[in-house]
Amino acid sequence: MNNMQQGILRTWMPCWSLTGGKLMFAVFLLLWIIFNGRITAEILVIGVLLSAALFAFCCRFMNYSVARDIRMFRLLPMACQYVAILILEILKANRQVLFFILTPRYQVEPQLVHFRSDLRTEFARVVLANSITLTPGTITVGLEGSDFYVHCLDKEFAEGMDHSVFVELLEKMEAVNRDV
């Protein structure tokens, strides 16, 4: 074998040795056959070559990993739950802000809240900051490491921000991500 062939084998053999790698290759080949609409020897040979090339590309340049796919499937229900909770919290905060607007004698007490989060990944901290900003009545003013600075329209919005449902769910998602 020459150097180029050895390089190609090194590129996709670690992925191929896993059951999921063989499954991914089969999915590529099956899609090729479906999109062609018929099976001939020529289509099958070209499909095998293109599927192998695409699979090698995914392993080499896109860091394809069966473990990562399994992790994503394990995180999917929690991500759906997170989005549902976010929508619910947005609706509740909208109702509260509407109350402030329609009740002119109520005096809002804006506050700048600082709290530290135990979230380990930057991705989870950014998701939390964006979720806070999406919720009416609060806006993330700053995020430095694990320190959050949030402006709240009223003191009611500031209560329990560091131990919110968002933080708990993101911590569970990080734990699943570490376990796999």
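## A hairpin to start with

Strand 2 (residues 138-144) and strand 3 (residues 147-152) run antiparallel to each other and pair over six bridges. The structure you are looking at is a predicted model. Two residues sit between these strands, which together form a hairpin. In the turn, Gly145 has a positive phi of about 65 degrees.

## The whole protein

Now step back from the hairpin. The protein has seven helices and three strands, and from the N terminus on its elements follow the order α-α-α-α-β-α-β-β-α-α. Of its 180 residues, 34% count as buried.

Contacts across the sequence are worth a look too. Taking contacts between residues at least 6 apart in sequence, 65% join residues at least 24 apart. The protein exposes about 12,000 Å², and carbon and sulfur atoms supply 64% of that area.

## Helix 3 and its buried residues

Helix 3 covers residues 41-61, which makes 21 residues. From its first C-alpha to its last it reaches 30 Å, close to the 30 Å expected at 1.5 Å a residue. Which residues of helix 3 are buried? They are Ile43, Gly47, Ser51, Ala52, Phe55, Ala56, Cys58 and Cys59.

Just after helix 3 comes Asn63, with a positive phi of about 55 degrees.

## A nonpolar patch on the surface

Leu23, Val27, Leu30, Leu31, Ile34 and Phe35 make a nonpolar surface patch of about 620 Å². One of these residues, Leu23, belongs to helix 2 (residues 19-36). Leu23 counts as exposed because its relative accessible area is 55%, and the cut-off for that label is over 50%.

## Glu174, an acidic residue under cover

Glu174 lies in helix 7 (residues 165-179). Is Glu174 buried or exposed? With a relative accessible area of 8%, Glu174 is buried. Leaving aside residues up to four places away in sequence, Glu174 touches Leu119, Arg120, Thr121 and Ala124.

## Three salt bridges

A search of the whole structure finds three salt bridges. One joins Glu89 to Lys92, with the closest N and O atoms 3.1 Å apart. Both residues lie in helix 4 (residues 66-102), three residues apart, or about one turn of the helix. Glu89 is partly exposed at 23% relative accessibility, and Lys92 is also partly exposed, at 43%.

Another links Glu109 with Lys155, where the closest N and O atoms are 3.7 Å apart. This pair connects distant parts of the chain: Glu109 is in the loop between helix 4 and strand 1 (111-116), while Lys155 is in helix 6 (residues 155-158), 46 residues apart. Glu109 is partly exposed, with a relative accessible area of 39%, and Lys155 is partly exposed, with 37%.

Asp147 lies in strand 3 and Arg116 in strand 1, so the pair ties together parts that are 31 residues apart in sequence. Asp147 is buried, with a relative accessible area of 12%, whereas Arg116 is exposed, with 56%.

How values were computed
Residues are numbered from 1 along each chain as its sequence is written. This is a predicted model: local features need pLDDT of at least 70, side-chain atom pairs count only at pLDDT 80 or more; totals for chains, interfaces and linings use all residues. Side-chain values use heavy atoms; hydrogens and water are left out. Helices (H or I, at least four residues) and strands (E, at least two) are DSSP runs, numbered from the N terminus. The expected span of a helix is 1.5 Å times one less than its number of residues. Buried means under 20% relative accessible area, exposed over 50%, partly exposed in between (1.4 Å probe, protein chains only). Two strands pair if DSSP finds at least two bridges between them. Contact means heavy atoms within 4.5 Å. Patches are made of residues with over 30% relative accessible area and no salt bridge: like charges are joined within 9 Å, nonpolar side chains (Val, Leu, Ile, Met, Phe, Trp, Tyr) within 5 Å. Accessible areas come from the Shrake-Rupley method with a 1.4 Å probe; for residues, only the protein chains shown count as cover. A salt bridge is a side-chain nitrogen of Lys or Arg within 4 Å of a carboxyl oxygen of Asp or Glu.
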